[in-house]
Amino acid sequence: MSEEAVSALRRSDSWRALEGHFADVRDLHLRDLFDADPRRGERLVAEGAGLYLDYSKNRVVDETLALLVGLARERGVEERREAMFRGERINVSEDRPVLHVALRMPRERSLIVDGTDVVKGVHGVLDRMGAFAERVRSGEWTGHTGRPIRNVVNIGIGGSDLGPRMAYEALRHHSRRDMTFRFVSNVDGTDFAESTRDLDPAETLFVVASKTFTTLETMTNARTAREWALAGLGGDRAAVARHFVAVSTNAGEVAKFGIDVENMFGFWEWVGGRYSMDSAVGLSTMLAIGPERFAEMLAGFHAMDEHFREAPLAESLPALLGLLCVWYGDFFGAETCAVLPYDQYLHRFPAYLQQLTMESNGKHVTLDGARVDYDTGAILWGEPGTNGQHSFYQLLHQGTRLVPCDFIGFMESLNPLGAHHDLLVSNVFAQAEALAFGRTAEQLRAEGTPEPVVPHRTMDGNRPSNMIVAERLTPHALGALVALYEHSVFVQGAVWGIDSFDQWGVELGKALAQAIVPELQAAEEPQLAHDSSTNALIRRYRRARRRG
């Protein structure tokens with residue numbers, strides 16, 4: 001490849017310094033690094049917003065960290081961070097600001113964008129959400145027949161589902177236990193049928209979350225929900241206004257659906273779906289945990305925002321996580337990373353982070369449209385501990401692929417039962433230790449392991465991990481944790497020079513699906529112009545459904 005064809009990132013002084021450094025350190029083992037520095041586990045740590053990060057079990061030395069910070073500076077991470085907080089249009093392909101940080105700014109703050117104080121607008125919506133949530137939770141808001149609401153069903157998809165669903169599961173300990181909360185997202189009718197099978201329409205409220213109120217999956221489920229509710233409420237269409245509220249910006253479509261626009265909670269173009277769980281999209285979360293707890297979650301988000309903005313890069317939790325992702329993805333060639341929460345309440349957290357990370361940074365062109373010549377966007381996956389230990393940890397320990405891991409743990413359990421939490425925490429600490437240091441053949445022989453078995457039980461170690469710890473899984477801690485990953489994603493995108501805030505890759509399949517639907521449903525055999533595979537599949541489906 002000619003010098004002119006090499007990207008600006010790979011031509012940068014910091015990148016080239018890292019390439020040379022990588023050649024020197026790639027074979028260093030964590031055993032040796034810890035032996036050489038007995039205080040390594042106390043030095044390579046950082047704290048912010050109530051979270052403690054131990055990054056000592058990473059394949060880095062002090063020079064690595066200095067070079068990564070130098071890369072961030074050369075790539076303008078700090079300047080781009082400030083541009084985001086100022087409300088500049090850093091989402092270049094859609095010409096929009098990126099202001100999820102405004103969703104959690106305190107009421108007394110002000111941020112003027114295009115002549116409007118967006119913080120004032122945010123708190124106006126939060127106040128309306130809070131008043132509505134209190135009416136529902138107190139029983140003042142009743143359904144069409146006068147009975148109080150006992151069931152809330154959130155209908156959305158993507159960020160309008162993953163965020164509220166994750167937050168509800170994560171904060172279930174703090175939720176109203178005399179109310180039922182369900183989430184419908186998949187256009188597969190099974191999702192709606194199973195979510196409502198045991199619910200009483202007279203006591204059920206649907207929260208329909210769609211910015212445009214035209215999202216195919218969401219509105220298909222919403223119309224099915226309306227039919228289900230009316231069938232159980234005598235068919236009076238006036239009942240819709242008592243059993244449906246909207247999270248949207250399209251008042252015309254909301255009213256046409258039958259929802260009172262007074263019960264429409266809006267958000268803004270500068271809020272991406274995967275960054276929206278702390279906006280009106282979180283209405284179902286607020287209904288579950290109440291406005292006060294929701295405010296605590298927003299305070300956790302804001303605390304991490306302030307840490308990210310104020311801490312030096314070398315002490316910033318999001319910067320460290322993001323730069324380590326670049327280190328493993330672009331230098332070690334790691335294709336995936338695992339997030340392993342050791343708390344059952346966080347069982348949906350990896351799924352939430354999949355959208356946040358892969359929709360944000362799964363990009364193949366830079367901000368100016370040039371094709372990248374480096375890897376972006378690791379594949380993220382995970383499962384709660386200790387379940388994962390009896391599933392895929394075998395590959396983590398002895399597989400041939402390098403998988404950097406983030407472990408998440410808490411000092412206190414929300415459900416203290418005997419020795420359960422001690423066992424849980426001992427496992428999270430032990431797994432990080434085992435990944436880092438492994439078990440040598442010499443150790444196994446000294447323990448009396450039979451020689452034929454030694455190769456099978458040897459573990460190389462040198463598998464990197466981060467340990468993220470908080471005191472308890474509170475709403476504040478959840479907000480800080482989500483913001484930590486939001487800003488880590490930002491740092492990675494800034495280094496790679498990509499737009500982390502658009503998602504054009506999801507559009508093509510949706511557009512093609514819209515074209516195929518009438519071909520599946522046509523009474524007469526349609527003229528098909530797809531590839532031979534797609535045409536054959538459409539015809540097979542039509543035969544199975546006895547159409548045409």
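This is a predicted model: local features need pLDDT of at least 70, side-chain atom pairs count only at pLDDT 80 or more; totals for chains, interfaces and linings use all residues.
# Salt bridges, strands and buried residues

Trainee: With which residue does E253 form a salt bridge, and how far apart are the closest N and O atoms?
Mentor: A salt bridge is a side-chain nitrogen of Lys or Arg within 4 Å of a carboxyl oxygen of Asp or Glu. E253 meets this criterion with K256, the closest N and O atoms being apart by 3.2 Å.

Trainee: Is D114 buried or exposed?
Mentor: Buried means under 20% relative accessible area, exposed over 50%, and partly exposed in between (1.4 Å probe, protein chains only). Because the relative accessibility of D114 is 62%, D114 counts as exposed.

Trainee: Which residue is the salt-bridge partner of D114, and how many residues apart are the two?
Mentor: D114 forms a salt bridge with R89, the closest N and O atoms being 2.7 Å apart. The pair links distant parts of the chain, with D114 in the loop between β3 (112-113) and β4 (116-117) and R89 in the loop between α6 (77-86) and β3; the number of residues apart is 25.

Trainee: What is the relative accessible area of R73, the partner of E78?
Mentor: E78 and R73 form a salt bridge with closest N and O atoms 3.5 Å apart. E78 is partly exposed at 21%. R73 is also partly exposed, and its relative accessible area is 43%.

Trainee: Which residues of α6 are buried, and what is included in their cover?
Mentor: Helix α6 is mostly covered, with seven of its 10 residues buried. The buried residues are V77, R80, R81, E82, A83, M84 and F85. Their cover includes α5 (62-74), α14 (291-310) and α21 (475-496).

Trainee: Which strands are the edge strands of the open sheet of five strands?
Mentor: Strands pair if DSSP finds at least two bridges between them. This sheet has the order β6-β5-β7-β8-β9, with parallel pairing. The strands that pair on one side only are β6 (180-184) and β9 (264-265).

Trainee: Which residue in β6 stands opposite I155?
Mentor: Strand β5 (residues 151-155) pairs with β6 in the parallel sense over five bridges. In β6, the residue opposite I155 is V184.

Trainee: With which residues is R165 in contact, leaving aside its neighbours within four places in sequence?
Mentor: R165 is in helix α8 (residues 159-170) and is buried, with a relative accessible area of 18%. The backbone oxygen of F183 lies 3.3 Å from a polar atom of the R165 side chain. Contact means heavy atoms within 4.5 Å. On that basis, R165 touches F183, V184, S185 and R348.

Trainee: Which residues of β13 point the other way from S465, M467 and V469?
Mentor: In a regular strand the side chains alternate between the two faces of the sheet. Strand β13 (residues 465-470) is mostly covered, and six of its six residues are buried. Opposite in direction to S465, M467 and V469 are N466, I468 and A470.

Trainee: Which residues stand opposite I468 in β13?
Mentor: Strand β2 (residues 51-54) pairs with β13 in the antiparallel sense over three bridges, while β12 (residues 405-410) pairs with β13 in the parallel sense over six bridges. Opposite I468 stand L53 and I408.

Key
Residues are numbered from 1 along each chain as its sequence is written. Side-chain values use heavy atoms; hydrogens and water are left out. Helices (H or I, at least four residues) and strands (E, at least two) are DSSP runs, numbered from the N terminus. A polar contact is a pair of N or O atoms within 3.5 Å; within protein, one must be able to donate a hydrogen and the other to accept it, and residues adjacent in sequence count only if both atoms are side-chain atoms.
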